[in-house]
Amino acid sequence: MNKHISLFGVLLFAFILASCSGGDDGKNRPGNKAENTDGLIVVGFSQVGAESDWRRANTRSMRETFTREKGYQLILKDAQQKQEHQVAAIRDFIQKKVNYIVLAPVTEQGWDSVLKEAKIAGIPVIIMDRMIRTSDNTFFVSWVGSDFRKEGATAVAWMEKTFKNLNIAHIQGNIGSSAQIGRTEGLREGVDRNPGWRIVVRDSGDFTQVKGKEIMERFLGEYRDIDVLYCENDNMAFGAIQALDEGRLPYGASGGLKIISFDATRAGLEQTLARNISYNVECNPLHGPRVEKIIQQLQLGKTPNKIAYVDETAFSADTITREEIDARAY
Ligand code: GZL
């Protein structure tokens, strides 16, 4: 009898020990479902693409944050600005049983079915940068990004201080993206408020420099009496500047067509310091640390804020300084 009790006691003790281990080395973190990851937190990141300086700074921020040294495995997939590539990436992350999915959505619509699959798989989804419209907001745990309508309103407030009557050329970003929707909304509110303002030409440059140049060349062929170019990101503004240079047309804060841009990337601020861009509204891309904070909260079983806007500013050609540019992180 004693022999059986002692063997049972040993087995019971071993079972209790094993069930209490809980990964005291942090290796077996809660919810770590991914396989062959050496105990790392696996983050699947579906990125829009590499279309702009802003986007590249955003990707850099994620890569610099989610390093192996800090206990992460980052799986980054570039969608080349195609939603179907992002949907496929999310499905791949689900197959891989990643711990978290981070989505920088190219457009607002069309995410319900794939995010429902992620929810069924029990994988938390964090939305970064642009927003999504969904029938069920439990499909994502948290969103961090910019208030794009406010960015547009900031640009319009500067325009209202500077101009009474205006012919405006408008180069939009990806149609259907929050950045385009919000910045366009900000301009529309300004036009509604100012009877002397007219949008004389408008088209989308997809946030790229090449397309921005093409659009501006077409605008200049159609309409020469443009006072302001309202350009929804720096890279399209760079393309527009190329078209103006080739057309030998005057532009800049000191005379000629005024250019208003968004992102305030380093290259965009250099153009603002050079007075080629008159006003540049910041759109902060450094979301890596913000997304990490959300994941750390989830790891601890805490509930992050559902919506988190980042603080942003703007720069005028008349006041920007070299020191300001040199002090910036991107
Ligand atoms: C804004 C971001 C936009 C940038 C563009 O948060 O989504 O996409 O303004 C980028 O430069 O392509």
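**Figure 1. Asp263 and the residues it touches.** Leaving aside neighbours within four places in sequence, Asp263 is in contact (heavy atoms within 4.5 Å) with Trp54, Arg183, Asn233, Asp234, Asn280, Val281, Glu282, Cys283 and Tyr330. This is a predicted model, in which local features need pLDDT of at least 70, side-chain atom pairs count only at pLDDT 80 or more, and totals for chains, interfaces and linings use all residues. Residues are numbered from 1 along each chain as its sequence is written, and side-chain values use heavy atoms, with hydrogens and water left out. Asp263 lies in strand S9, residues 258-263. Strands (E, at least two residues) and helices (H or I, at least four) are DSSP runs, numbered from the N terminus. Is Asp263 buried or exposed? Asp263 is buried, because its relative accessible area is 3%. Buried means under 20% relative accessible area, exposed means over 50%, and partly exposed lies in between (1.4 Å probe, protein chains only). The phi of Asp263 is positive, about 115 degrees, although Asp263 is not a glycine.

**Figure 2. Asn280, a contact of Asp263**. Asn280 has its place in strand S10, residues 279-282. Asn280 counts as buried because its relative accessibility is 0%. The C-alpha atoms of Asn280 and Ala155 are separated by 7.8 Å. Along the chain, these two residues are 125 residues apart.

Figure 3. Rolling a probe the size of a water molecule over the atoms shows where empty space is left. A search of the whole structure finds one cavity of 30 Å³ or more. On a 1 Å grid over the protein atoms alone, a cavity is a set of points where a 1.4 Å probe fits but cannot get out; lining residues have an atom within 4 Å of a point. The largest cavity has a volume of about 100 Å³. Here, volume is the space filled by probe spheres set on the points, and grid points are joined across faces, edges and corners. Which of the 13 lining residues are closest to the centre of the largest cavity? They are Trp54, Arg55, Arg130, Arg183 and Asp263. The lining divides into five nonpolar, two polar and six charged residues. Ala, Val, Leu, Ile, Met, Phe, Trp, Tyr, Cys and Pro count as nonpolar, Asp, Glu, Lys and Arg as charged, and the others, Gly among them, as polar. Helix H2 (53-65) and helix H6 (178-193) each supply at least two lining residues. Domain 1 (41-145 + 285-299) and domain 2 (148-283 + 316-326) each give the lining at least three residues. Domain bounds come from an automatic or database domain assignment.

Figure 4. In soluble globular proteins, nonpolar side chains tend to be buried together. A nonpolar core is a set of buried Ala, Val, Leu, Ile, Met, Phe, Trp, Tyr and Cys residues joined through side-chain atoms within 4.5 Å. The largest one has 40 residues. Ile101, Trp111 and Val291 have the most contacts inside this core. Among the elements that each supply at least two of its residues are strand S1 (41-47), helix H3 (83-95) and helix H10 (288-299). H3 gives the largest share, five residues. Not counting residues up to four places away in sequence, Trp111 touches Gln83, Gln86, Val87, Ile90, Leu103, Pro105, Val106 and Ile132.

**Figure 5. Phe207 and a second core.** A second, separate core has 26 residues, including Phe148, Ala179, Phe207 and Leu244. Phe207 lies in the loop between strand S7 (197-204) and H7. Phe207 is buried because its relative accessible area is 4%. The phi of Phe207 is positive, near 70 degrees, in a residue other than glycine. Phe207 and Trp54 are 153 residues apart along the chain, and their C-alpha atoms are separated by 9.7 Å.

**Figure 6. Phe219 in helix H7**. Helix H7 spans residues 209-222. Phe219 counts as buried because its relative accessibility is 0%. Leaving aside neighbours within four places in sequence, Phe219 is in contact with Ala169, His170, Ile171, Val201, Arg202, Asp203 and Ile226.

How values were computed. On a 1 Å grid over the protein atoms alone, a cavity is a set of points where a 1.4 Å probe fits but cannot get out, and a pocket is an open set with protein on both sides within 12 Å along at least five of seven lines; lining residues have an atom within 4 Å of a point.
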